[in-house]
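Here is a friendly note to read alongside the model.

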Amino acid sequence: MRLALKRSRPVAPAGAGTLPRPARLRKRWLAAGVFAVLVALVAGVSLGPVSLPPGSVAIELLNLLPGVHLDSGLTEREIAIVTELRLPRVVLGLLVGGLLALAGGAYQGVFRNPLADPYLLGVAAGAGLAVTVVLTLGVSTGGALSGLPVTIPLAAFVGSLGAVAMTYLLGSAGGRSRSPATLILAGVAVSAFLSAGQTYLLQRHAESIQEVYSWLLGRLATAGWQDVRLVLPYFLLTSLIILLHRRELDVLSVGDDEAASLGLHPQRSRYLLIAAASLGTAAAVSASGLIGFVGIIVPHTVRMLAGASYRVILPLSMLFGGAFLALTDVVARTAAAPQEIPIGVVTALLGGPFFVVVLRSARRVLT
Amino acid sequence: MSTPAPTSLPAPAVDLRDLRISLDGAPILTGVDLTVATGEWVTVIGPNGAGKSTLLRAVGGLLPAPDAVRLFGTPIGELRRRERARVVATVAQSPVVPSGMAVLDYVLLGRTPYIPPLGRESADDLATVHEVLDRLDLAGFHARELATLSGGERQRVFLARALAQGATLLLLDEPTSALDIGHQQEVLELVDQLRRTHGLTVLATMHDLSIAGEYADRMVLLADGRIVATGTPEQVLTEDLLARHYRAHVRVIPGPHGPLVLPTRPNRPNRPNRPNRPNRADHAVVAPDKSRET
């Protein structure tokens, strides 16, 4: 009879075109995401102390594609500004923003918690403490920030995994009575604890305060192609793992028991996704310091506008997160020109009020 | 298998042999033997904490009992998770309702055991889901958010997801506890109908004994982690058994489709004349029947 149920209508009935479709990433949303990335790319490269005409910048960017040779009308010096100064910074912003938003969306899914975010879970603080340890104790070869020694992302990864494990254990100590708010409270406590450790280390190693602080506040400003090269593999690995599991995150949203009775290994998927999201956060933090709230602003906006399925949220968060951070960086470096505002300050200024909006819409889940 | 059954007899849908489950060191089930034939409806009753839900979770494979549970003749430990999910579907006591998820997407989750890991659902899966939605009169609900449905509609959606799983063994944990009596009957009639048309086997737990008895072929009374009575509703729903294991005062009277269990208050203290107490009949208010006035 099971077969009868399954096969009695093997193809969609007549009028299949009108059959409602399941939640999937619509082409126009995907196109909108790609368009946002392109806009951010051109705007990010055009705007700055020396403004360049966006049209010429777009042509120059096309010239980077193999086999394209167009005349943009830019001078040699302007071309150098585009390709050596601004482009790596914008690309790093796209990668970091994409990673933070993707990690935020994944954490929200695995913890079934609308407030989960790399920062609120303490993941970023863990990465920050680990990097501070490396910088102050001179574990990295030479201790220099320039060139981003591989030890920094690795330390950040270890620190972020340690922090998320602490938050998870602390948050589930309440047993059955735990609520989404418990996890966030645990994350805040873990963040405070780890930040205290970081402050203590900085106090003890005053000579490295300058170096650590310039990194903590976000360092897209000094980005070069070597930073992009360093983040890119982590970006690819993280996004591959998370995006491939986007349907499983939908299944996990009905709870572990039901996901298990639907044939999944919920705990296995959860650990893998937490590891991937933490790796992404660690790579983002080690490349650009602490940039908060991207992981909560972007996935929530996508959820409100394009749909609640993780098959929609995750890919769009990656695209819009990248565009968001690259455009925020434009604000950070032009709003108070010639001074730069640390980009983490700009995202926090935007994210604070937004968080109130999320709290209001999540009230039902939290109570 | 150690004891090969004669080929003429099909293996029972559920075969429990000395099922023992402990949770956090506390024994919950202490040796349960039970068989449910294919196509049968068996309802497990018992007081709170007797182990009813634990029994269902073990049969559904959510608690480790690799050898004690056999589904259609195969020890559950030998089934891979996805295989198991094609054989047995569970409607949990209070399923999680994911915020923002539409009915169609929720029911599609039932196709998970047929979708390759990291893959997406096929047109076949979608057709199956639409067929199930039609079957359960949910065709107009596909785009509705789960959270906006009434209790009865939601229960039908949970059932739809279980049916979309294509499993022939249906585990229902308190399927009607959130519903008013009209919707309770509607849901149970639907399950009974599906049982006949789709050849389903039903293993359920229920609290309402009269309703449980009206739908079950056989009932099992569970107390303190073991089976204390099993048989037809008439054999299990007796004043004596219910008094002993529920510590309940009930009257059992025969009904058209099974015994009806009426809770009665034990020895109500005799209250002689209470002059200050108004006569309730004088104060009874019955809303006028407005349908005739216009």
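Which residue in S7(B) is the bridge partner of Thr90(B)? The partner is Leu171(B), and point 2 returns to the strands involved.

1. **Ground rules.** This is a predicted model, in which local features need pLDDT of at least 70, side-chain atom pairs count only at pLDDT 80 or more, and totals for chains, interfaces and linings use all residues. Residues are numbered from 1 along each chain as its sequence is written, while chains are lettered from A and ligands numbered from 1 in the order in which they are written.

2. **Strand S7 of chain B.** Let me start with strand S7 (residues 169-173) of chain B, where five of five residues are buried (20 or more other C-beta atoms within 10 Å of a residue's own; exposed means 12 or fewer, partly exposed in between, with C-beta atoms placed from the backbone). Leu169(B), Leu171(B) and Asp173(B) lie on one side and Leu170(B) and Leu172(B) on the other, and both faces are covered. Strand S6 (residues 88-91) of chain B runs parallel to S7(B) and is joined to it by four bridges. S7(B) also pairs in the parallel sense with strand S8 (residues 201-205) of chain B, over five bridges. In S8(B), Thr201(B) stands opposite Leu169(B), and Ala204(B) stands opposite Leu172(B).

3. **The six-stranded sheet.** These strands belong to an open sheet of chain B with the order S6-S7-S8-S3-S9-S10 and mixed pairing (two strands pair if DSSP finds at least two bridges between them). S6 and strand S10 (226-231) of chain B stand at the edges with a single partner strand each, so one side of each has no neighbour in the sheet. From one strand to the next, the twist averages 20°. Helix H1 (residues 52-59) of chain B lies across strand S3 (41-45), S6, S7, S8 and strand S9 (218-223) of chain B, and runs at about 150° to S8(B). Helices (H or I, at least four residues) and strands (E, at least two) are DSSP runs, numbered from the N terminus.

4. **The four-stranded sheet.** Chain B has an open antiparallel sheet of four strands too, in the order S2-S1-S4-S5. Its edge strands are strand S2 (26-36) and strand S5 (74-75) of chain B, each pairing on one side only. Strand S1 (residues 14-23) and strand S4 (residues 69-71) of chain B run antiparallel and are joined by three bridges. Leu16(B) has Val69(B) as its bridge partner in S4(B).

5. **Chain B as a whole.** Chain B holds ten helices and twelve strands, and 41% of its 294 residues count as buried. Of its contacts between residues at least 6 apart in sequence, 63% join residues at least 24 apart (a contact means C-beta atoms, placed from the backbone, within 7 Å). An unreviewed UniProt entry lists residues 14-249 of chain B as "domain: ABC transporter"; such annotations may be inferred rather than shown by experiment. That span is 36% helix and 24% strand, and its end C-alpha atoms lie 33 Å apart.

6. **Chain A.** Here the secondary structure comes to 16 helices and zero strands. Of the 367 residues of chain A, 49% count as buried. Residues 24 or more positions apart account for 77% of the chain A contacts with a separation of 6 or more. Val39(A) sits in helix H2 (residues 27-46) of chain A and is partly exposed, with 14 other C-beta atoms within 10 Å.

7. **A helix crossing in chain A.** How do helix H4 (residues 76-110) and helix H13 (residues 294-306) of chain A cross? Their axes come within 7 Å, at roughly 70° (axes are lines fitted to C-alpha atoms, for helices over the stretch in contact, and angles run from 0 to 180 degrees between N-to-C directions). H4(A) and H13(A) are therefore roughly perpendicular (65 to 115 degrees; under 35 is roughly parallel, over 145 roughly antiparallel and the rest oblique). The residues in this contact include Gly97(A), Leu100(A) and Gly104(A) of H4(A), and Val294(A), Ile296(A) and Pro299(A) of H13(A). By class, the contact has seven nonpolar, five polar and no charged residues. Ala, Val, Leu, Ile, Met, Phe, Trp, Tyr, Cys and Pro count as nonpolar, Asp, Glu, Lys and Arg as charged, and the others, Gly among them, as polar.

8. **Where the chains meet.** The contact takes 31 residues from chain A and 37 from chain B. On the side of chain B that touches chain A, helix H2 (81-87), helix H3 (103-108) and helix H4 (123-135) of chain B each supply at least two residues. H4(B) gives the most, with seven residues. That side of chain B divides into 17 nonpolar, 13 polar and seven charged residues.

Key
Contact = placed C-beta atoms within 7 Å.
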